[in-house]
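Hi,

Here is the structure I promised to send over. Have a look at it first, and then read on for what turned up.

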Amino acid sequence: MALVELRNVSKIYHLGGEEIRALDDVTLDIDAGEFISIIGPSGSGKSTLMHILGCLDSPSKGTITLDGTMIHNASARQLASIRNQKIGFVFQFFNLLPKLNVLQNVELPMIYSGISGKERKERAMAALKLVDLENRSKHRPMQLSGGQQQRVAIARALVNSPKIVFADEPTGNLDSHTGEAILNLFYKLSKEGRTIALVTHDPEIAAVTPRRIEIRDGKIAKNVDNKLAGLGGTSKFVIKE
Amino acid sequence: MNLFNSILVGFKEIWAHKFRSLLTMLGIILGVSSLIGMSAITKGMENGMKESLMAMGGVDKAITEEQDVPAYQQDLADSAPGRTMRDVYALKNSASLLRLISPQMALLPAMASRADKRIRPSELVGVWPAALEMDLHVLEHGRFFTDLDEEYANPVCVIGTAIRDELFGDPDEIGTEIIPLGQTINLNGQAFRIIGMFQRYESDVDKKAREYARLHPAKEKTGPKRSKGWGSGRNWAFRRKNLTIYVPLNTMWIRFRSSGTGTNGIPNPKLSDIDIKVKDVENFPEALQQAKNVMMITHNGIEDFGFQTQQGSVENINAAIRNARMSGGIISAISLLVGGIGIMNIMLASITERIREIGIRKAIGASTLAIFLQILVESVVIALIGGVAGVATSFGLVKLLGQLSPTDNTPIVTVASMIFAFLCSAAIGLVAGIFPALKAAKLNPIQALRYE
């Protein structure tokens, strides 16, 4: 059984009597340990897909199973708990809380899962070590560079040991050099066995991942394994094996 | 998210916007301090009134008074016996619910004199030793009458300090206190020896003022000395009590009354007062009824007497206090309400400012309840800080009000009112926080994350 199973998922908005299908009958499996990118132009529905996968939103139709739990009809409270325990988010704009220092930012998800202060600190420091920022734990996010902020955000996403990490345009706000470092970090994390889904509009980034899903008009257009299709080398980003 | 963390976050938010938070708290500060101030003023009023009440003899006291006989007994009016010692002995033997019976025989007009000084006492009465307790007198110097004084109708008297002040000299003016025990004064032309003197009765305010005046002497005034005269001061109840002269009841009867000051030179055996005190204030009406029954027998069924109690004044005082408390409470409630609206306003502004933060918190797993609590706690923390500051401010406010207050009574800050006001501020914070907290908790995480 796959880690994430989407079956005939649709998301339908009604705008002034007009029906807009942001997602139209999407069926998708993501296995544990996969490194996958979801690519598509803006307005294609990739963000909607990520929101539904990330339990931020509920589908209008269809069923979703995450780690064996049905989440398409879960309550807001259950969704919050699933987001907290099983999902990590990395955003384009980092979305760190400016008033908290780096360590407190990383601790935040554990506060909501009720972990004691001592363990929180230990795990947050471990997560920061993973992204090579343990010496910046007392800094404020604003005192860090963009790449460092994104690494803090990644540490925050990983700190509760989620089943899957969603990254929404994680390099979109970074220069290409820093972006490459972030992609390398994701690659490294993927090698360590974590399941990661990158959402992007940039084929160059998508090309980095072994599996690529293309969304167009709310439907899955292609479902291509990059390496099998011989597309692995087309990215301008250099992944250090 | 535990409570301590929420409170910490609340403090940080407040600290991050010091000035804004201070302005917000101002409403609560004013509300709380005005609540405490109002309650202090009413408490001061209440104390002042109760002091006066006590000076007049306390709540469990009743005074019999002469009354015109009721209409259906008009034909018996001529045989109305009036209140005499017969009633006193009857009450003493039969009215079991009474604790104390004090007959009084007053002399009017009365004049006390010594050498060239004279003073008109508020009362010159013949009493039993029971009067001491009846009128809540405290004998500070000398002794009270004994049975022998009563038996022999000795010409002895016990005086209030105001009598001493007038006849011997006021310690405030001459600097030393004269205790005129053993001295002789004239009461309506007859020589009486002073065997005792009461303590000086005064309200707390006067006492403080007097002590202050002694420590900080005023500048010498020029010009003739003016007497205050009695009744002109504001604390007439105390002044009146200080102007008392007591003599033994028998002395009064033999020396003044039996010689025939009554109608046509016939001695008048009527008492001017029979004061009674009940054993238990709880059964006040029953005890009065019992006393009435006894006296109906001694008066041959002629109802030429009535009872005057202080229950009425107690109710008046309580009503006045209730009114003052009510109006003060309403004013404070309004300012607390305004403070609450201020908090709600600022919390709404604060969550609008932090929509993105709320979105982030939700995305990483904060439940609706956690967000709700966070905002609520912040609101309560603002209110509580305001409450503490208000309690602190109230001390200054009460001082200020003490200077400006129309009553003579010092406002009294009670711990209960401080706790109550503080709890009020907490409740206001809670109520004011609910709406913004609900609004924040209901935010859609996706839209909140996109919010710029």
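Below is a walk through the findings, from the chain contact to the strands and salt bridges.

One thing to keep in mind: this is a predicted model.

**Where the two chains meet**

Let's start with the contact between chain A and chain B. How many residues does each chain bring to it? Chain A gives 21 residues and chain B gives 21 residues.

On the side of chain A that touches chain B, two elements give two or more residues: α2 (76-86) and α3 (102-112) of chain A. The largest share is from α3(A), with five residues. If you sort the residues on this side of chain A by type, you get twelve nonpolar, four polar and five charged.

What about specific pairs across the contact? There are zero salt bridges between chain A and chain B. Polar contacts do turn up, though: four residue pairs make one between chain A and chain B, counting pairs with both residues at pLDDT 80 or more.

**Chain B and its buried strand**

Now for chain B itself. It has 16 helices and twelve strands, and 46% of its 452 residues count as buried. Take the contacts in chain B between residues at least 6 apart in sequence: 81% of them join residues at least 24 apart.

Is it buried or exposed? Six of its six residues are buried, so β11(B) is largely enclosed by the rest of the structure. As background, side chains in a regular strand alternate between the two faces of the sheet. In β11(B), both faces are covered: B:D273, B:D275 and B:K277 are buried on one side, and B:I274, B:I276 and B:V278 are buried on the other.

Which strands pair with β11(B)? One is β1 of chain B (residues 61-66), which pairs with β11(B) in the antiparallel sense over three bridges. There, B:K61 has B:K277 as its bridge partner. Another is β2 of chain B (residues 98-106), which runs antiparallel to β11(B) and is joined to it by six bridges. In that pairing, B:I101 has B:I276 as its bridge partner.

**Salt bridges**

Over all chains, a search of the whole structure finds 28 salt bridges.

- B:E133 pairs with B:R99, and their closest N and O atoms are 2.5 Å apart. B:E133 is partly exposed at 39% relative accessibility, and B:R99 is partly exposed at 37%.
- B:E46 forms a salt bridge with B:R325, with 3.3 Å between the closest N and O atoms. B:E46 is in helix α2 (residues 18-55) and B:R325 in helix α12 (residues 311-353) of chain B, 279 residues apart. B:E46 is buried, with a relative accessible area of 12%, whereas B:R325 is partly exposed at 47%.

Chain A has something to look at too: A:E19, A:R21, A:D24 and A:K219 are joined into one network by salt bridges that share partners.

**A sheet in chain A**

Last stop: chain A has an open sheet of four strands, in the order β2-β1-β4-β5, with antiparallel pairing. Which strands stand at the edges? They are β2 (18-30) and β5 (69-70) of chain A; each has a single partner strand, so one side of each is left without a neighbour in the sheet. For β5(A), two bridges join it to β4 of chain A (residues 61-66), running antiparallel. One bridge to find there is between A:T65 and A:M70.

Methods. Residues numbered from 1 in each chain as written. Chains lettered and ligands numbered in written order. Predicted model: local features only at pLDDT ≥ 70, side-chain atom pairs only at ≥ 80, totals over all residues. Heavy atoms only, no water. Contact = heavy atoms within 4.5 Å. Salt bridge = Lys/Arg side-chain N within 4 Å of Asp/Glu carboxyl O. Polar contact = N/O pair within 3.5 Å; in protein donor to acceptor, adjacent residues only side chain to side chain. Nonpolar A, V, L, I, M, F, W, Y, C, P; charged D, E, K, R; others polar. Buried < 20%, exposed > 50% of the residue type's maximum accessible area, 1.4 Å probe, protein only. Pairing = 2+ DSSP bridges.
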